[in-house]
Amino acid sequence: MLDIDHCLNKPPNYFPCDRCAKACDRNAIIYTMMPKVIVRDVAAVIVSTGFELEKGDVLGEYGYGRYMDVVTSMEFERLVNASGPSSGVVVKPSTGEEPENVLLVSCVGSRNNKHNDYCSGFCCTYLLKQGIYAKVLHGIKNVTIMYMNDVRTYGKGFEGFFDRALKEGINIVWGRPEILGERNGKIIVRFEDTRNKKVAVNEYDMVVLAPSAKPVNDMSKLSKILSISLDRVGFVRTDPTNPTLTTRPGIFVAGSASGPRDISESVVTGLASAIQAIRYASPGVIEEEKYEETIEPYPIRVGVFVCHCGTNIAGVADVPALVEAAKQMPDVVHAEDLQFACAKSSLDRITEVIKEKKLNRVVVASCSPVTHLRFFQDAARRAGLNPYLVEMTNIRNLDTWVHNDRKIATEKAKDMIRMAVAKVHHMVPLQTIKLPVIKRALVVGCGPAGLAAATGLAGAGIETILVEKADECGGMLRRLNSLSLRVLKPENCLIGWLRRLERLVLSLCLALRLRMCLGSQVTSTWFSVMVLSLMWGP
Ligand SMILES: Cc1cc2nc3c(=O)[nH]c(=O)nc-3n(C[C@H](O)[C@H](O)[C@H](O)COP(=O)(O)OP(=O)(O)OC[C@H]3O[C@@H](n4cnc5c(N)ncnc54)[C@H](O)[C@@H]3O)c2cc1C
Ligand code: SF4
Ligand code: SF4
């Protein structure tokens with residue numbers, strides 16, 4: 001994009017010229033260049049597209065848009081920032097004067113059933129940071145932080161921030177503010193001080209609102225392109241046991257794309273997703289033990305194993321009755337119960353029975369296949385049975401953990417076993433096939449999470465494409481004030497950290513391991529995640 005502020009045709013006379021093309025000794029300015037679609041094969045994708053701040057009506061409820069001196073926390077970040085619009089001097093947008101009395105308000109739109117019922121995670125702590133800036137670094141006389149709910153300064157060292165704010169003389173109150181109007185350049189705020197049980201009306205020179213962190217507005221489109229699920233709010237849905245796994249193998253998520261995360265958490269999830277993408281892009285390190293398939297898949301002979309799981313299952317459902325019911329089901333030639341089906345002795349027993357009774361379909365009625373199917377498949381494989389002829393039904397988590405009525409739980413478990421037995425009749429032996437893997441990964445979004453993931457991948461030797469829709473990388477960090485949340489010390493400066501990362505990015509780009517695509521977006525995928533077309537900016 002040509003930028004009018006930097007146009008060499010001064011004053012612009014609107015007659016086309018070629019001064020900038022001549023001035024660029026790298027020949028990087030090509031007037032005829034158009035956006036183009038590029039297709040790349042990748043083995044893994046990392047979604048690190050971050051978050052957006054609430055813009056909706058909720059801000060209007062607190063006077064935003066009506067009174068110039070009601071600003072968002074991000075606008076305040078820019079005001080306290082030396083590279084911001086007022087060169088780091090905090091000024092009232094209405095008059096340009098320095099304020100003496102500032103109110104910062106938490107939870108604007110968050111933890112609120114009318115708007116967003118979840119917690120935005122990082123605002124309680126950054127409000128303390130902004131309060132300390134305002135008071136200590138900018139000398140604003142009266143700084144008040146109003147918490148609408150409790151204060152959530154989770155994270156190492158963050159409670160120290162709260163103590164420091166009190167020590168610096170910041171006024172912390174709990175209550176819900178109502179903006180009554182504006183008088184003589186002051187914002188009039190009424191609130192109920194819920195801890196001291198009194199209603200007060202105060203005047204402030206400026207009010208700073210901390211809006212909810214929301215999913216980026218094109219998240220739904222991107223999720224359809226990548227075929228991943230979103231949660232009810234619209235953030236990327238993740239595996240409860242691993243916050244970097246999406247609902248689709250090979251696609252990982254980092255940072256605030258899956259819900260609000262502060263910078264250090266974003267970086268940690270960025271690196272964790274990079275490690276998983278590396279594993280995905282370099283499989284075959286662990287070779288599976290080979291077994292010969294000796295058991296014929298037909299005619300169908302089903303074996304059913306019902307687990308007690310101590311008292312988890314047997315304490316609620318009638319396990320012997322389940323075994324008896326299973327024996328009556330079609331083609332079931334063997335049914336038995338096991339105290340702990342996943343114990344080594346039980347797995348050996350399953351292998352032994354499969355061999356002895358020539359079972360060619362196996363149903364294990366126990367817990368979740370996500371965590372345990374692999375064990376029972378291995379037991380079948382060791383017996384010479386194709387592992388894809390094993391099915392699990394989760395009578396623990398989905399039945400005995402949720403019903404405490406013995407009769408209901410037993411009848412439901414019988415139904416679940418019946419369904420599993422019906423299903424194994426339709427199963428056919430499958431073979432694992434090996435596909436060549438392209439050693440290339442794609443990272444979408446270049447905030448702290450994306451930068452951490454991309455440098456982790458490229459540093460480990462995986463060719464990486466980093467796609468960023470804006471014209472520069474850094475995400476929200478570009479707009480945040482330079483001191484980090486962790487400690488107010490210059491050596492922890494965010495911009496310094498970003499610069500160091502940018503230098504690493506540059507060296508990886510020069511080594512041809514990382515390709516940065518600014519002003520670009522993913523437009524479509526074909527054949528699972530293997531091929532992606534990207535919209536390159538000019
Ligand atoms: C006012 C405020 C102050 C804060 N202060 C602090 C602080 O002091 N310390 C702290 O730890 N945290 C702070 N935070 C939180 C911090 O902003 C986040 O932790 C951090 O930005 C999350 O990083 P991320 O990489 O996940 O997302 P982002 O920083 O949002 O980066 C995502 C990137 O992805 C790009 N993108 C989005 N969609 C696409 C797409 N479809 N294709 C390509 N690119 C795309 C975006 O343009 C952006 O560059 C603050 C937040 C706010 C709002
Ligand atoms: S982090 Fe604090 S301010 Fe932000 S939504 Fe949660 S409770 Fe409210
Ligand atoms: S297989 Fe599952 S249900 Fe059975 S003992 Fe192991 S954990 Fe419990």
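The largest nonpolar core here has 46 residues, and Val304, Val306, Ile354, Phe376, Ile395 and Ile417 have the most contacts inside it. A nonpolar core is a set of buried Ala, Val, Leu, Ile, Met, Phe, Trp, Tyr and Cys residues joined through side-chain atoms within 4.5 Å, and buried means under 20% relative accessible area, with exposed over 50% and partly exposed in between (1.4 Å probe, protein chains only). Helix 13 gives the most to this core, with 6 residues. Other elements that give two or more residues include strand 14 (302–307) and helix 10 (344–357). Helices (H or I, at least four residues) and strands (E, at least two) are DSSP runs, numbered from the N terminus.

Before going on, keep in mind that this is a predicted model, where local features need pLDDT of at least 70 and side-chain atom pairs count only at pLDDT 80 or more, while totals for chains, interfaces and linings use all residues. Residues are numbered from 1 along each chain, chains are lettered from A and ligands numbered from 1 in the order written, and side-chain values use heavy atoms, leaving out hydrogens and water.

In soluble globular proteins, nonpolar side chains tend to be buried together.

Now for helix 7. Its 19 residues should span 27 Å at 1.5 Å a residue, and the end C-alpha atoms are 26 Å apart, which agrees; the expected span is 1.5 Å times one less than the number of residues. Ser273 sits in this helix (residues 263–281) and is buried, with a relative accessible area of 0%. The side chain of Ser273 reaches the backbone oxygen of Gly270 at 2.9 Å. Looking beyond four places away in sequence, Ser273 touches residues including Ile46, Phe252 and Ala453.

What about ligand 1? Of the 33 residues around it, Lys129, Ser256, Arg261, Ile263 and Glu468 come nearest; near means a heavy atom within 4 Å.

| Residue (backbone atom) | Distance to a ligand 1 oxygen atom |
|---|---|
| Arg261 | 2.6 Å |
| Ala449 | 3.0 Å |
| Asp262 | 3.4 Å |

Technical notes. A polar contact is a pair of N or O atoms within 3.5 Å; within protein, one must be able to donate a hydrogen and the other to accept it, and residues adjacent in sequence count only if both atoms are side-chain atoms. Contact means heavy atoms within 4.5 Å.
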